[in-house]
Protein chains: 2
Amino acid sequence: MARRGNLMSVRHDIKVLDCTIRDGGLCNNFEFSDEFVRELYKTNVKCGVDYMEFGYKASRALFNEEEHGKWKFCEEEDLRAIVGDNISDMKISVMADVGRCDYKTDFLPKEESVIDMVRVACYIHQIPAAIEMIEYFHELGYETTCNIMAISQANDAQIDEALSMLAKSNVNVIYLVDSYGSLYPENAGDLIKKYLKAVEDTNKQIGFHAHNNQNLAFANTIETLSYGVSYLDTTALGMGRGAGNCATELLLGFLKNPKYSLYSLLTFIEKYMKPLRAEVEWGFDLQYMFTGQLNRHPREAIAFTDEKRTDYCEFYKGLLEND
Amino acid sequence: MARRGNLMSVRHDIKVLDCTIRDGGLCNNFEFSDEFVRELYKTNVKCGVDYMEFGYKASRALFNEEEHGKWKFCEEEDLRAIVGDNISDMKISVMADVGRCDYKTDFLPKEESVIDMVRVACYIHQIPAAIEMIEYFHELGYETTCNIMAISQANDAQIDEALSMLAKSNVNVIYLVDSYGSLYPENAGDLIKKYLKAVEDTNKQIGFHAHNNQNLAFANTIETLSYGVSYLDTTALGMGRGAGNCATELLLGFLKNPKYSLYSLLTFIEKYMKPLRAEVEWGFDLQYMFTGQLNRHPREAIAFTDEKRTDYCEFYKGLLEND
């Protein structure tokens, strides 16, 4: 499969999706101030970002509302307090996890909501459940994605079957999610070709969500984009769980479409992200590199970070013993 | 040109070259303690690193010895104070800049020196001068490389001519040097195929030296390696001028040859690099991203860092006005 376009060309199918509040919220329990979220919203509009994800629609039966910031639940009134009727060209998305979302009660019909797109996140064995949710959201009138997480631990047969099932569904976008930041550009490229092939006779698009455990989030994003991925997840200053995500500023500086602009984002980073970074930890460091190299969930690396440990060698030996 | 090997295979032609003291020395004026250099030497030996670069052989007529740490000059006695006769399997290199090195007086014949390899660094218009030096070092008995810097600002005709001249010389290794950290894996891959093609009928090898301005140092290193690059420059914790280099720990964790081991390096990083990082600044940040994206020398970004500025947007606007 050849690359689409080249390093100078504009690809009009590209959509940049900022998920700072959603993936970054995993670092600070979704406790962003309204000012922060409103300024990020205005910034994304000015920068030409195509979608902004505000958080999760998590089940209030499973998660106590008092123990989490409001962007874990993304209630309609909270969204509207930030975006009004969202008269901008930028669309709004929320994420719904399979098994952790009361989707039959917590979503309004699209015409009553400022939400444009629901992204259904699942592990590969949950594809049937994800499709049930996707069809429900489709009926309500939303755009939908299926974000298949932890893809580096799925096998080829599972991936083929999942893609074949999704290709027959009403989903709009299928995402490859490198949850553990363990993919190298070469495997990410090979995998994405499989995704692109699975939807070539449909009007579905492919997306990519990176993690930066091996400092490859941006590299994997532009590698997969070069083969035809259209939906690209980024976060301001790479804020996201553990090692974080592909930084919006890296991607906007790379894309050649003049609709994208860095200026407003730089002002936002200066005023909001750098101060936040002084309080909340995220980003590439050795402990995340280890879990990425070993293709493992970053939970032990997150605990190592939270405990402010610096005994990298002991930690690494411990990881290998657990294997 | 197809990739050589795959993500599981061992490539016996690969040589890892640690240039922490040399490129990292550009961050702290080469003022490393003897303990630091000695421990790094022992660490590199234990980790299976193939070459360790100790610094520059800079002209004492051009640079005052009292104003720089000793690794800017790499005198034989200073090297021997660290490595003795270097009875390890690891080889020792130094860098000699075209026009800034008194090469005819400052090098001993190989049999009297612990230095194994001299790396001649030049800009593309200095290739004839570089070749004269290379032939001199070859006569003295050293292995040689030619590190063509700032390659992202050279044009195709210049590169073709330079490679053709070097292919006829006695140089052992030709390096592509992404001085400005402006290459994407796609261009780095295209360029490196040109280098590999130029030496395919010789027994010369190709090397790659990355900078991390766009967080692509490791990605570009493994992309070029996949096409056949053998000599790979790295530094501990990515220490190097401005945004730094490809981190040794990332590369050693990627390579499949069991001769490479991370453990000792992790202990060294814990004990020496992390404390050093608290005193000396290097590594990916927005100001370096801008100069990388704009394919420019990082000097303004280094000044911005030294002045502890955080007005990223103003700085970026200023860069564009200078263009």
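Modeller: Let's start with one pair of residues: Cys122(A) has Ile148(A) in E5(A) as its bridge partner. This is a predicted model, in which local features need pLDDT of at least 70 and side-chain atom pairs pLDDT 80 or more, while totals for chains, interfaces and linings use all residues. Residues are numbered from 1 along each chain as its sequence is written, chains are lettered from A and ligands numbered from 1 in the order written, and side-chain values use heavy atoms, leaving out hydrogens and water.

Biologist: What makes strand E4 and strand E5 of chain A a pair?

Modeller: Two strands pair if DSSP finds at least two bridges between them. E4 (residues 117–122) and E5 (residues 143–148) of chain A have 6 bridges, in the parallel sense, so they pair. Strands here are DSSP runs of E with at least two residues, helices are runs of H or I with at least four, and both are numbered from the N terminus.

Biologist: In which order do the strands of chain A close into a barrel?

Modeller: The order is E1-E2-E3-E4-E5-E6-E7-E8, with parallel pairing of the 8 strands. From one strand to the next, the twist averages 25°.

Biologist: How do you know that helix H7 of chain A packs on the sheet?

Modeller: Contact means heavy atoms within 4.5 Å, and H7 (residues 185–198) of chain A touches E5, E6 (173–177) and E7 of that chain. The direction of H7 makes about 165° with that of E6(A); angles run from 0 to 180 degrees between N-to-C directions, with axes fitted to C-alpha atoms, for helices over the stretch in contact.

Biologist: Why is the relation of chain B to chain A called a two-fold axis?

Modeller: A rotation of 180° with 0.0 Å of shift along its axis superposes chain B on chain A (RMSD 0.0 Å), and that is the relation of a two-fold axis. The same surface serves both copies: 100% of the contact residues of chain B recur in chain A.

Biologist: How much area do chain B and chain A bury between them?

Modeller: About 3500 Å², 67% of it on carbon and sulfur atoms. Buried area is the accessible area (1.4 Å probe) lost on being put together, summed over both parts. Each chain's share of the contact is 39 residues.

Biologist: What makes Glu186(A) and Arg3(B) a salt bridge?

Modeller: The rule asks for a side-chain nitrogen of Lys or Arg within 4 Å of a carboxyl oxygen of Asp or Glu. Glu186(A) and Arg3(B) meet at 3.8 Å, N to O, so the pair qualifies. The count between chain B and chain A is 4 salt bridges.

Methods: Least-squares fit on C-alpha atoms with pLDDT ≥ 70 in both. Buried area = accessible area lost by both parts, 1.4 Å probe.
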